[in-house]
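Hi everyone, thanks for coming. Let me put the structure up, and then we'll talk about rings and charges.

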Amino acid sequence: TRYWRDWSSDVCSSDLLMQDALQLAVATTSQNNVAFTHSSIGNLYSNMSMYDSSLVYYNLSLSDYKKLDDKKNEVQQLINLGFYYSELADYPKSRTYFEEALKIAEKTENKSQKADCLSGISQIEYLSGEFIKAIQINDDVYKLWKQENNPWGIASSYVSLGNIRNRQSEFGEAVKNYEKADSMYKELRMEKLRATTINNIGTIYFYQGNYEKSIQQFNEALKILETTNDDKRFISLVKGNIGEAYGEQKKYTEAEKWLNESIDLARSIHNKKQMYETDMVLGRLKSSTKDYKAAAAYFQEAYDMVKESGERPAMVQLEADWGKYFYYIKDLDNAVKHLQNCIDVSKAIGSRTYVWKAYATLAEIKNEQNNTKDAIIQLEQAIKVVEELKQRITGGEEAKKIFANDESVVDLYQKMAKYLKKLGRNDEALAYIEKSNIENLKLRFKNEGNFGDSSQQNSNKQAKEKRSEERRVGKECRSRWSPY
């Protein structure tokens, strides 16, 4: 969120009032009044996610202020246009407007506008995967807001830093920054802006495998947003988050309901970023439910938009899931290509959150090709990343336990034990069996009966089969090598 919005929940009334204001401004024959009203209407339409309309009025206002040679307000319209194109995931064009605005703001020595420009550029660097640059620029933003004694600006810089640390899988640092911002929003009584911090803390729970807690956070954020119901982009994002969390719980019917609401809303406002983010999750869901035709369409649509935007962190997530899809349909050449691209981009930007999944899928491919030695090498890489992530978990030992007992994480250790046993390396296999922490896995699935949809029941059945396989492999290893 780039500025505080305090419009009435009745956005139609706000629109009518603005149009009345424009007629009055024209009647006064004051170009200043007309320019200001054009800008205000542009902001209103932007807040309502009516992007085409907001662009018209931002351009009108920019033209007005250029004629008036009003540099301060000219800069503000350039900033508005920068954020406009950022919303549409056109980051090169967005950067052009921010940099043009920054040049003027530096000449006029307007610190607040300079902070806004740098904030927009920092966001573009972050979305491009240039995390170090993004942090450096955000530090400058923080200092400027500090000099201006602007609490809203300081809080927004905390959110931005939290987002970068989140992408770097530095979960503890991310939460600290989100909580600093949330505390300031509480003091400022900016309840709506708290939806951002509440949602973003929910993503930390999600990445750490605590899906139930993440859903609670997302629902809390959604409740705040629905009090005004005027930020469709953000509502679409939160609904997508809820759907993704249900998908990880294998509650596919519930997940698809939320994801469809998210994508429909994103398409209705032509928000490309939210469209491709939800497309990726729907592609993963359809792959998991073996609806491969639908999955292919979602992945392709997401890829076209992500490639155009240049958002490398999103490409990492997409390639991990798309590679898995190709593995499912036995197109191993494409699977390897996409998985390797996930790994390459992850290394280039220093992102860990999804790369271990690419290594894990590559291991499965190598195993199916009877190349057990290389399968073990890929799994070693996956496990190394997971262990690094575990060290970054925030929330104490209980949070680490939840992450370690996530089904997909436990599966790494189970597969490693199988592959090692296949090569006769039974001592090492036994060590991985112990690492998989069977007893905690049992607790995770304890009391799960026939509740939920059929996909949840199938998940429980698969979990039981995995535990049986764990016991079998462990028993074999012990019977051969135990000294007792």
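For today, a charge sits over a ring if NZ of Lys or CZ of Arg is within 6 Å of the ring centre and within 35 degrees of the ring normal. By that test, the charged end of Lys257 lies over the ring of Trp258, 4.2 Å from the centre. Lys330 does likewise with the ring of Tyr327, at 5.1 Å from the centre.

A quick word on provenance. This is a predicted model, where local features need pLDDT of at least 70, side-chain atom pairs count only at pLDDT 80 or more, and totals for chains, interfaces and linings use all residues. Residues are numbered from 1 along each chain as its sequence is written, and side-chain values use heavy atoms, leaving out hydrogens and water.

Tyr327 also belongs to an aromatic cluster, together with Tyr292, Phe299, Tyr303, Trp322, Tyr325, Phe326 and Tyr328. Overall there are 21 aromatic pairs (centres of Phe, Tyr or six-membered Trp rings within 6.5 Å; planes under 30 degrees apart are stacked, over 60 edge-to-face, the rest tilted). Take Phe206 and Tyr207: their planes meet at 70° with centres 5.7 Å apart, so this pair is edge-to-face.

Are those two buried or exposed? Phe206 is buried, at 9% relative accessible area, while Tyr207 is partly exposed at 23%. Buried means under 20%, exposed over 50%, and partly exposed in between, using a 1.4 Å probe and protein chains only.

Zooming out, 55% of the 484 residues in the protein chain are buried. The chain has 24 helices and zero strands, counted as DSSP runs numbered from the N terminus: H or I of at least four residues for helices, E of at least two for strands.
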